[in-house]
Amino acid sequence: DGDPDIAAGNYGQPNRVYRNDGGGVFTLAATLAASDATTGAQWGDADGDGRADLLFVNYNEPDAVYTGDGANGFTLLWNSPESEAVQSAAFFDYDGDGDLDYYAAGNGPNRVYRNKLNPLNSPPSAPVISAEPDGDPGAFTLQWTASADDHTPAGNIGYQVRIGTLSGRNDIVSGAGSGYPGNAGATASFHVTLNTGVYFWSVRAIDNTGFALSPWSAEDMFLVSGPDTNAPLFDGVQSAAGCGNGCVTLSWNAANDLQNSTPVSYRIYSSTTSGAQNFSAPLTTTTSTTAQITGLANDTMHYFVVRARDFAGNEDTNTVQIAAAPSVLPTLSKYEGNPVLDGDGTGFDAVGVMDPHVIYDGGVFRMWYTGRDSAGNDQIGYAVSKDGVNWARAQGGLAEGGVMKPSSDPNAFDSKAVSVGFVMQNPPTSNFKFYMWYTGVRNDNPNSWRIGLARSNDGINWERVPGSADGGAVLGWTADSFDEFSVYGPWVIYEGGMYKMWYTGIEVNTVAFTYEFRIGYATSPDGINWTRHNGSQASGSVISMGAPGAFDEIRATHPNVYRENNAYKMIYSGFDGTK
């Protein structure tokens, strides 16, 4: 009927289809009886009959394809022979035969499944287009005739619109990469408001059987007359990072000046007080999408706003603000005798050691670390050193030699693995000598991590402190946030009567099918009951991934925070995709 409906995949519950009445109200249309461990759902016409079918991918269970009857009925068509740990999938026509194959990705082998039904599918016909003024300045309605398709009903044909300032260009609207159902959806019109200029446009159709594309329509042209009074379209500043002594690097996405007369310039405003920028006095101006600001006061928070300005003097009014504090970067060098501790080939740390946390106590360096055995299981070990270089393992009370192993309770958040986070000596709110915040993983969900707390008087014999989060953790994840999938790697300090924790959170990007790693912040009066605090960066984090090309473009993890010159400073790990 031309309205987008919803397929809801559920983990351990029946999958469901909800029908859109066209007014934003969805009603249950179909319930699929199987209670699969579904982790992804995709619409597509797998059998080529012009009606929408469904692909559900499942975790450690066979994937399933259901054929739709165009009403409310869905019938199981096929199950994959493999039962992989699949977490996402996408339809595509990999062999170019006009039908939909699919790609399944997850924690096991990724696979491509080829559609052998071989439905006959022809591309839709090219639309016939026309442009009409809307009456408002610069406003036009671009419209076209519905395309014809031998297998796909009109309501299941989408349209891709491209608009450019020269013939054949798509610099204003690029519809070519928008996929199904296209940037115009299953409608026969597209509304735009543009600055003065001449514009060229065309449309092509895409079906949902094999995502077959029609040719682009014959190109049309329309003219917007009058003065340029519209500011460029601009999302504001996207990232900020310190770059050394008094230096901050800012970056943003390019603005879109619809008239496209000259390059847009960007004005950068700054203040040491949040929201107090003087927009009549820019700090600097550039035509690039990055800027390096120097001469700033170190260890002081600076708040930046970037605005786009066109040749006619129209400046956007965004108030997107980002904060950064420049600092003199510490100089670190690796010890030439590394490693100082390695897996011993047997026991709980046979394969390797990682995640060390070291404190200096009574003339002795004490190290807690994560050890991994030959079966891939993680538990916590303990070692001591007089000089920080030569270490001796201290045998714990566990049979394998560690000091803390996963919980024996199958419902505990740490029933599969435990790893070191942060150890605090003489926690102010406890009579125990040591608190350790650590990361735990549960058997039934080995890819999702939570943070727990344990306490000890000797650093060897540890007692878990139950928290209020799932499975006894003290900090779990938060839905629709930067840490909606996992939390791990805590770092804790105590000041002003409060424990302060920085930690790594993982969010699932459901568009790019990737994991995003950012750093968050929480506080607690007792180290057990924690309150999150939203930061100014993406999804409520305090440190997000860096700009394209930065060392932390893909991940920002493992915060280590300390105080210096009345400022917090953080050393953290970054990942750029290769290292």
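**Exercise 1.** In which strand is the place of Arg 162? Work out its surroundings too.

*Solution.* Start with the ground rules: this is a predicted model, where local features need pLDDT of at least 70, side-chain atom pairs count only at pLDDT 80 or more, and totals for chains, interfaces and linings use all residues. Numbering runs from 1 along each chain as its sequence is written, and side-chain values use heavy atoms, leaving out hydrogens and water.

Step 1: Arg 162 sits in strand β13, residues 158-164 (strands are DSSP runs of E, at least two residues, numbered from the N terminus).

Step 2: Arg 162 is buried (under 20% relative accessible area with a 1.4 Å probe, protein chains only; exposed is over 50%, partly exposed in between).

Step 3: look for a salt bridge (a side-chain nitrogen of Lys or Arg within 4 Å of a carboxyl oxygen of Asp or Glu). Arg 162 has none; Glu 219, the nearest side chain of opposite charge, is 4.8 Å away.

Step 4: the Arg 162 touch list (heavy atoms within 4.5 Å), which skips residues up to four places away in sequence, includes Phe 200, Trp 201 and Trp 216.

**Exercise 2.** Which peptide bond is cis, with omega near 0 degrees?

*Solution.* Take the bond from Asn 338 to Pro 339. Pro 339 lies in the loop between β23 (322-324) and β24 (352-361).

Conventions: Helix = DSSP H or I, 4+ residues; strand = E, 2+ residues; numbered from the N terminus. Lys, Arg positive; Asp, Glu negative; His and termini not counted.
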